[in-house]
Amino acid sequence: MIKWKEEAIIERNIEEVWSLFMDKNIHKIMDKVEDHVLIEKQENEVGAKHRQSYREGKRVETYIVETLAYEDLPEKKYKKISFVLGKAFEITFSFTLDKMDDNHTKFIYEGQNKGVNFVGRAMLKLGSEKSNNKVVQEFMEKVNREALKL
């Protein structure tokens, strides 16, 4: 299993940063996501499900993303989601935004990638922690860059 937790301060209002995590803006922060369609409930509800397609090179994977937790308060925003990728990995992650002041937001991105079968567990053992950390860092930087454009 691979786990991560990263934090950053974004020089933008919490509501502006939170807008990046809404369905209509998901492509701004997750550019490899080709399709993101709500199929159950509303996007701001626990239990919401989306059919999502993700491109890695020439391969496209489609899976169901479920919202496990959702909180939208003036001082704190939180969304936790989970999905199974390629019948091999269960990926769960969350986004937490804490209002520091009117122009600064603390962004916390944490999650885990767990092998759900022999192949998935073996692939995680063979993969490098360094490459996973790179993916996490790139995502953190992407969210910051997109927030600064708002």
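This note goes through selected residues, salt bridges and a surface patch of a predicted model.

1. Salt bridges overall. The structure holds 12 salt bridges.

2. E7 and K106. These two residues form a salt bridge, and their closest N and O atoms are 3.9 Å apart. The pair links distant parts of the chain, as E7 belongs to strand β1 (residues 2-10) and K106 to strand β7 (residues 104-115), 99 residues apart. E7 is partly exposed, at 46% relative accessibility. K106 is also partly exposed, with a relative accessible area of 27%.

3. D31 and K142. A salt bridge joins D31 to K142, with 3.6 Å between the closest N and O atoms. D31 sits in the loop between α2 and β2 (33-40), while K142 is part of helix α4 (residues 129-149), so the bridge ties together parts that are 111 residues apart in sequence. D31 is exposed, its relative accessible area being 57%, whereas K142 is buried at 16% relative accessibility. K142 counts as buried because its value falls under the 20% cut-off. Both residues also belong to a network of salt bridges that links D31, K142, E146 and K149.

4. K99 and D102. The side chains of K99 and D102 meet in a salt bridge, at 3.3 Å from N to O. K99 counts as partly exposed, with 28% relative accessibility.

5. K79, a lysine without a salt bridge. K79 is located in strand β5 (residues 76-85). This residue is buried yet has no salt bridge, and the nearest side chain of opposite charge, that of D23, is 4.6 Å away. Leaving aside neighbours within four places in sequence, K79 is in contact with W18, F21, E43, T67, A69, Y70, F93, S94 and F95.

6. T92. This residue is found in strand β6 (residues 89-101). T92 is buried, with a relative accessible area of 10%. The side chain of T92 makes a polar contact with the side chain of S82, at 3.1 Å. S82 is also among the residues that T92 touches, together with W4, L68, K80, I81, E110, G111 and Q112, when residues up to four places away in sequence are not counted.

7. N25. The position of N25 is in the loop between α1 (14-19) and α2 (26-29). Although placed in a loop, N25 counts as buried, at 13% relative accessibility. A polar atom of the N25 side chain lies 2.9 Å from the backbone oxygen of S19. Apart from neighbours within four places in sequence, N25 is in contact with S19 and L20.

8. A nonpolar patch on the surface. F118, V119 and M123 form this patch, and together they have about 340 Å² of accessible area. M123 lies in helix α3 (residues 118-126). At 46% relative accessibility, M123 counts as partly exposed.

Key. Residues numbered from 1 in each chain as written. Predicted model: local features only at pLDDT ≥ 70, side-chain atom pairs only at ≥ 80, totals over all residues. Heavy atoms only, no water. Helix = DSSP H or I, 4+ residues; strand = E, 2+ residues; numbered from the N terminus. Buried < 20%, exposed > 50% of the residue type's maximum accessible area, 1.4 Å probe, protein only. Polar contact = N/O pair within 3.5 Å; in protein donor to acceptor, adjacent residues only side chain to side chain. Contact = heavy atoms within 4.5 Å. Patch = residues over 30% accessible without salt bridge, like charges linked within 9 Å, V, L, I, M, F, W, Y side chains within 5 Å. Areas by Shrake-Rupley, 256 points an atom, 1.4 Å probe, with all protein chains shown as cover. Salt bridge = Lys/Arg side-chain N within 4 Å of Asp/Glu carboxyl O. Lys, Arg positive; Asp, Glu negative; His and termini not counted.
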